Amino acid sequence: MTESAKIDLAYVRQRLRGDSVAALEWFRANWREHRRFRWAVGAFAGGVVLLIAIWALLARDLPDAESLVGYETPLPTVVRGIDGEIVHSYARERRVQLQYADFPEKLIESYLSAEDKTFFSHGGVDITGTLNAVFDYAMKFGSGERAVGGSTITQQVAKNLLLGDEYSVTRKLKEMILARRIEGVLSKQEILELYLNEIPLGRRSFGVQAAAQAYFDKDVDQLDLHEMAFLAILPKAPERYGRARNAELAIERRNFVLSQMEENGFITAEEMRVAQAKPLGLVAQRSERSVDAGYFLEEVRRQLLDQFGETAEEGPNSVYAGGLWVRTSLDPELQVAARDALRAGLLRYHGNRGWTGPIATIDVSKGDWAGQLQSSFLGIRYSNWRIGVVTSRAGQSARVGFADGKEAPLINFPDALKAGDVIAAQPVGNGYRVAVIPEVSGGFLAESVQTGRILAMQGGFDFRLSDFNRATQAERQPGSTIKPFVYATGLDNGMTPATEVPDQTFCFYQGANLGEKCFRNFGGESGGVHTMRWGLEQSRNLMTVHIAMDAGMPEVVSTFKRVGIGSYGAYPSFALGAGDTTVERMVNAYAALANHGRLNQPTVIDFVQDRRGKVIWRADKRRCEGCNMPEWDGQPMPRFGVKGEQVLDPRTAFQVIHMLEGVVQRGTATRLRDIDLPLFGKTGTTNGPTNAWFVGGTPDIVAGVYVGFDQPRDLGGWVQGGNTAAPIFKEFVQATMDHWSKQPAVAPAGIRMVRIDRRSGKRVFDQWPTTDPLSPVIWEAFKPDTEPPRETRQDRVASLRDELLALIRRGQGEQAGSGEGRSNDFVEEQGGIY
């Protein structure tokens with residue numbers, strides 16, 4: 001240091017020392033001589049202490065600003081179908097998370113001009129804005145009006161994410177403290193990203209992307225300048241500016257934001273004038289886009305809730321906050337076909353039976369019928385039908401009201417209709433008429449054979465009317481659809497498709513208390529001895545009971561349990577479908593038959609990813625050894641292991657499928673024969689009849705359906721599985737032909753295809769099968785060394801005679817009122833009908 005510098009430094013020190021001594025002397029003198037000075041100093045010191053105390057008190061329990069560093073926006077769960085396309089989302093709020101780079105520059109500038117033009121220069125609190133807010137608060141104090149916020153974007157982040165929207169001076173002070181802290185842990189870009197993703201903007205939308213979709217049906221990168229400016233006005237009052245009746249106020253505020261953008265240099269004067277001349281262009285509020293698969297999607301939601309919880313408090317991957325991406329097995333085309341086919345079948349059964357009564361009732365006397373109807377969440381997506389409520393009824397005049405508050409005249413209504421009845425209404429002319437929803441219901445389900453993935457599910461007429469899923473929850477008697485598994489048990493116990501079985505009354509002794517019990521065919525007829533194939537094709541109950549008792553009922557119910565149909569006692573009536581099961585379980589059991597006896601667990605979810613794309617749950621848990629090796633080792637490509645559990649002999653399963661193809665070609669499901677597919681299947685009709693069933697498919701897809709009342713009662717004497725349920729399956733297949741393969745079932749190792757006489761079951765050497773379904777010679781599937789002996793001419797004559805006698809007896813039974821095919825699906829037992 002130079003000599004002059006040392007002199008200057010010494011001078012400064014001396015001057016400071018002298019000034020401080022002088023100041024201290026001045027303070028002492030005033031303190032001694034002036035009372036007011038002492039009061040002023042005391043007040044100032046007290047104020048400082050008070051401010052420090054207030055700051056400590058407010059800051060003591062504040063949330064940690066550091067928590068925003070790893071903050072994750074609560075996001076809905078997005079559901080994709082089998083093709084990867086979005087089909088639904090589970091959301092209570094509209095939310096979409098974007099990165100800062102995804103926000104258009106003009107959108108950011110719109111919000112800066114509307115909310116915080118000094119955002120990039122202040123440290124979290126804008127002093128000028130705060131003073132203006134204090135002045136406005138003082139002017140409005142006691143008036144009941146809410147003062148302007150004066151909050152910066154950082155303060156709004158603090159309020160929305162950490163504090164809440166309490167209107168008080170205390171909350172404002174906490175907000176300012178937190179804003180300063182947030183600026184210390186987050187960059188300006190990170191703060192803006194949080195703000196633009198979280199700000200509530202009306203129409204259940206949080207964040208600008210969700211709001212862009214809600215108000216304009218666009219993504220943020222598709223918005224025009226005037227649309228961006230509109231979104232920027234919403235934080236002030238989203239419920240006011242977002243309503244059509246306040247369009248003039250919204251345009252005025254939007255144009256102000258555009259003028260601020262021009263003043264801040266973000267847009268030119270010409271761009272401002274063009275944008276200000278635009279109308280708002282808001283779209284009407286619409287429900288979320290979703291495939292009409294309510295029963296399927298509710299099953300998915302239920303499983304996700306069980307696995308991951310509902311809200312953020314229950315885990316980071318919750319359904320309504322975790323932002324999950326769920327791949328399901330839902331095939332939208334098959335789902336629509338299943339819905340339409342089941343509905344058509346239910347309406348076809350209902351026919352002209354008339355009105356079945358109201359869907360529900362509400363009290364219209366209070367005048368808030370629209371709100372009650374809206375909160376009931378009843379709806380329908382069929383044709384042009386709507387759900388409404390009868391608001392008034394006077395003689396032959398009535399009116400119907402809808403959830404939007406609009407009313408219309410009701411014409412041609414039933415006499416039993418009364419005010420308060422919730423109905424389905426169909427537009428006719430200038431009014432509406434009552435549309436009849438069938439009282440009968442049913443369930444439909446389609447499944448992939450090789451994987452167990454459920455492709456379509458319809459649990460009733462419409463999920464919006466009843467969320468009870470009759471495809472998975474309704475326990476119903478399956479009737480004759482259970483017979484293939486009885487026959488499978490017989491095949492596993494030494495029988496063959498050509499084994500001759502008596503179609504005759506079967507009696508057995510149950511003990512001293514119960515005595516003897518006898519099974520008879522409906523109408524009392526019986527008819528000789530026939531092959532197992534014929535018995536299954538014609539659904540002969542007595543033959544089924546003979547097979548079950550010969551194989552052993554414990555073995556039969558064991559087969560039922562292995563294929564997942566249900567657990568039953570070893571009683572003969574269960575061999576005829578007296579036990580309860582579901583459509584899902586029956587379809588899955590048939591899929592095991594088509595899958596060479598391998599049973600897969602039915603699934604609706606393939607896998608679940610978290611918000612970052614990491615797979616956190618997978619239905620297929622098979623391991624693939626070597627799939628992730630860094631380099632190829634020269635060996636064959638790694639493969640997944642075989643899927644499913646082997647529950648039936650593959651040869652037995654194929655034999656049953658081969659016989660079930662005969663059910664379609666010659667048996668109780670011949671109405672499906674004209675479909676150009678290698679179909680197999682089985683009809684079923686239960687006591688009453690109360691249930692009409694069909695389950696069947698191809699080697700790739702199996703589907704099943706039942707029709708019946710929710711409280712089981714007689715469907716009518718004419719109802720059979722073949723004429724009520726099978727047509728529903730047929731309509732489903734015909735609407736989705738491009739999904740079905742024409743490849744026939746492939747026989748597993750150990751099956752020998754042998755030419756036999758269809759009637760006698762004897763082996764044939766001098767004839768060949770033809771394409772005629774009624775050809776006397778067919779190919780039959782046998783296990784090794786079980787082929788039948790050669791047929792003689794006498795055997796053929798005897799077989800023709802027995803078949804003719806059986807047809808005569810059957811015709812006599814039908815004339816007595818048994819109805820077409822009815823004897824095939826019913827058995828009369830002492831003490832009741834099964």
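A disulfide (a pair of cysteine sulfur atoms within 2.5 Å) links Cys624 with Cys627, the S to S distance being 1.6 Å. The model is a predicted one, in which local features need pLDDT of at least 70 and side-chain atom pairs count only at pLDDT 80 or more, while totals for chains, interfaces and linings use all residues. Residues are numbered from 1 along each chain as its sequence is written, and side-chain values use heavy atoms, with hydrogens and water left out.

The structure has 1 disulfide.

Next come some helices, which are DSSP runs of H or I with at least four residues; strands are runs of E with at least two, and both are numbered from the N terminus. Helix α9 (residues 225-233) packs against helix α11 (residues 247-263) at an angle of about 110 degrees, and their axes are 9 Å apart. Axes are lines fitted to C-alpha atoms, for helices over the stretch in contact, and angles run from 0 to 180 degrees between N-to-C directions. So α9 is roughly perpendicular to α11; that label covers 65 to 115 degrees, with under 35 counting as roughly parallel, over 145 as roughly antiparallel and the rest as oblique. Ala, Val, Leu, Ile, Met, Phe, Trp, Tyr, Cys and Pro count as nonpolar, Asp, Glu, Lys and Arg as charged, and the others, Gly among them, as polar.

Helix α11 also meets helix α12 (residues 269-276): their axes come within 9 Å and cross at roughly 170 degrees. That makes the two roughly antiparallel. The contact of α11 with α12 has 4 nonpolar, 3 polar and 2 charged residues.

Finally, Arg671 sits in the loop between α21 (650-666) and β22 (680-685), and is partly exposed, with a relative accessible area of 36%. What does Arg671 touch, leaving aside its neighbours within four places in sequence? The contacts are Gly722, Asn723, Ala726, Pro727 and Lys730. Ala726 is 55 residues from Arg671 along the chain, yet their C-alpha atoms are separated by 7.7 Å. A polar atom of the Arg671 side chain lies 2.4 Å from the backbone oxygen of Gly722.

Terms used:
Buried means under 20% relative accessible area, exposed over 50%, partly exposed in between (1.4 Å probe, protein chains only). Contact means heavy atoms within 4.5 Å. A polar contact is a pair of N or O atoms within 3.5 Å; within protein, one must be able to donate a hydrogen and the other to accept it, and residues adjacent in sequence count only if both atoms are side-chain atoms.
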